[in-house]
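Dear colleague,

My notes on what was found follow below it.

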Amino acid sequence: MGKHIRTINKRGLTRRKEVACGECQTSCQSACKTSCTVGNQVCLKEKKN
Amino acid sequence: MIHCFSVRGTRLVLDAHSQMLHEVDELVWALLCGGFTESGEAVRALGARYPAAEIAAALAEIEELRAQELLFAPDPHAGYEPPPPQVKALCLNVAHHCNLACRYCFAGAPETGEQLMTPEVARRAVDFLVTRSGGRRHVEIDFFGGEPLLNFPVIAETVAYARTRAAAAGKEVGFTVTTNGLLLTPEVRRFLLANRVNVVLSLDGRPEVHDRLRCTAGGRGSYRTVLPRIRQFVSDWEAWDGPRGYYYLRGTFTRHNLDFADDFRYLVGLGFTNISLEPVVALPDADYALREEDLPRVHREYERLADIYLELVRENAAVRFFHFELDLDEGSCLPKRLSGCGAGHAYLAVDAGGDLYPCHQFIGRREFVLGSVFAGELRSDLVESFRHAHVYSKEGCTDCWAKFLCSGGCHAHAVLESGSLLRPSRLGCATMRSRLQAALYVQAVNRMNS
Ligand code: SF4
Ligand code: SF4
């Protein structure tokens, strides 16, 4: 943690570059459905590990 | 690529490519916004306000993060090629027919006729999903409409059939139903809970907001009829002690309620905890459609919603606003972020007669028919054009800081607004970015407080 910069999250995308197991929920982002953006998805693989 | 933004005095910097979020002080903010990398130049510009040693120390911190690729990280996937088409989810339009006549509904056009899906079509759709999903273990079926519960017997039968078919193929199937709540009878409620069906309930918020657009065919508001039924379902859900799906209350906001943060507060006040509010998707001439001139107001409203959310979560930790639930550490992998909703190749919709479309919003537009659950082949030109519509091919996305959170926006909205899959909706982009900033701010505040 720097004096001028506080990093909020512990890890970014770099370590999740190539998972692509295709198991997480589909993510429609329109108003008429659950409207999931990919950002608020849970990775099924990570959760199980 | 970085994106600097501040909300309520909190200065945040998102590194778009690594998805790292940083809170920075005034000095770093000035350095990053000014694009300074070299200390001589920075001291000349900012020396009157900060000691040179401080400027050098701040630049060193920036450089350290850059070296770790946590700031100014390179684009991880230039030259992206999408994965081969493979179906994962089907939306079954089991009832192209509704017991309400909501003014903003895209399924509501009377000329498409009223139709219920037969059990035979539904079974063929399940077969299609099981055989076309290849090695994927988790597949999904959404029941949609119109009002899907108008065809409850077919839903019940399809759930049972899909479970058996999927199990025989070593797969698990998840179910979701989106309903206006009118037909949530005791039998239906029990069925949905016992079968772990995810339930999305349409309720727009304050009674006058809901009633303005969610009306009966006779034009009367539906709030008073719908609310007790939705409440009953949610109270059964809360009392259920076995495994269960999720529920979400889903409201739509329009230019008639740009103060939609008050609808969120109202719904929480009614005792609901899982809430989502979405901007309406509409043709520009509709009176309720969001307009360009509404965007600054929408932006401010998402910030107000963030304040209200943070206040309400302090009182009840169970409160959720769907779009603020960003998972900065365990969220989806990069390939998922690039493929987005998968409409047209991973996610397809089936109309009541068995025709396949790229997604539920295209149903009824014959030029988008991909094939049928009764025939083998899909129209490959269409599948390919959807598959190749992603953040590296859509106009403006590659240079957009939101690309790995938004994944290129809604194709249907793009086609509706610009006529092209490759040109995202400007209104959609603006609301998406405002909402994402508010979500990132909420995450930052939560983490800084914990
Ligand atoms: S195109 Fe739009 S409406 Fe269709 S599935 Fe994708 S995000 Fe949802
Ligand atoms: S669709 Fe719009 S908001 Fe989303 S990544 Fe593309 S340009 Fe950005």
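Please keep in mind throughout that this is a predicted model. I begin with ligand 2, whose surroundings in chain B are made up of Gly396(B), Cys397(B), Cys400(B), Lys403(B), Cys406(B), Gly408(B), Gly409(B), Pro424(B), Cys429(B) and Arg433(B). Sorted by class, this shell comprises 5 nonpolar, 3 polar and 2 charged residues. Two helices of chain B, helix 13 (403–406) and helix 15 (426–449), each contribute at least two residues to the shell around ligand 2.

Because Arg426(B) sits in helix 15 of chain B while Glu292(B) belongs to the loop between strand 10 (274–279) and helix 10 (295–315) of chain B, the pair ties together parts that are 134 residues apart in sequence. In general terms, side chains of opposite charge can pair when their charged atoms come close. Over all chains, the count of salt bridges comes to 32.

Two helix pairs in chain B may also be of interest to you. The crossing of helix 4 of chain B with helix 5 of chain B is right-handed. On the side of helix 4 of chain B the contact is made by Pro119(B), Ala122(B), Arg123(B), Val126(B), Asp127(B), Val130(B) and Thr131(B), and on the side of helix 5 of chain B by Val154(B), Glu157(B), Thr158(B), Tyr161(B), Ala162(B), Arg165(B) and Ala166(B). These contact residues divide into 8 nonpolar, 2 polar and 4 charged.

The other pair is helix 2 (residues 39–46) and helix 3 (residues 52–67) of chain B, whose axes come within 10 Å and cross at roughly 130°, so that helix 2 and helix 3 of chain B are oblique to each other. Helix 2 of chain B passes helix 3 of chain B in a right-handed crossing. Here Ser39(B), Ala42(B), Val43(B) and Leu46(B) of helix 2 of chain B meet Ala52(B), Ile55(B) and Leu59(B) of helix 3 of chain B, a set with 6 nonpolar residues, 1 polar and no charged.

Terms used. Residues numbered from 1 in each chain as written. Chains lettered and ligands numbered in written order. Predicted model: local features only at pLDDT ≥ 70, side-chain atom pairs only at ≥ 80, totals over all residues. Heavy atoms only, no water. Near = heavy atom within 4 Å. Helix = DSSP H or I, 4+ residues; strand = E, 2+ residues; numbered from the N terminus. Nonpolar A, V, L, I, M, F, W, Y, C, P; charged D, E, K, R; others polar. Left-handed = near helix turned anticlockwise from the far one by under 90°. Contact = heavy atoms within 4.5 Å. Salt bridge = Lys/Arg side-chain N within 4 Å of Asp/Glu carboxyl O. Axes fitted to C-alpha atoms, helices over the stretch in contact; angles between N-to-C directions. Parallel < 35°, antiparallel > 145°, perpendicular 65-115°, else oblique.
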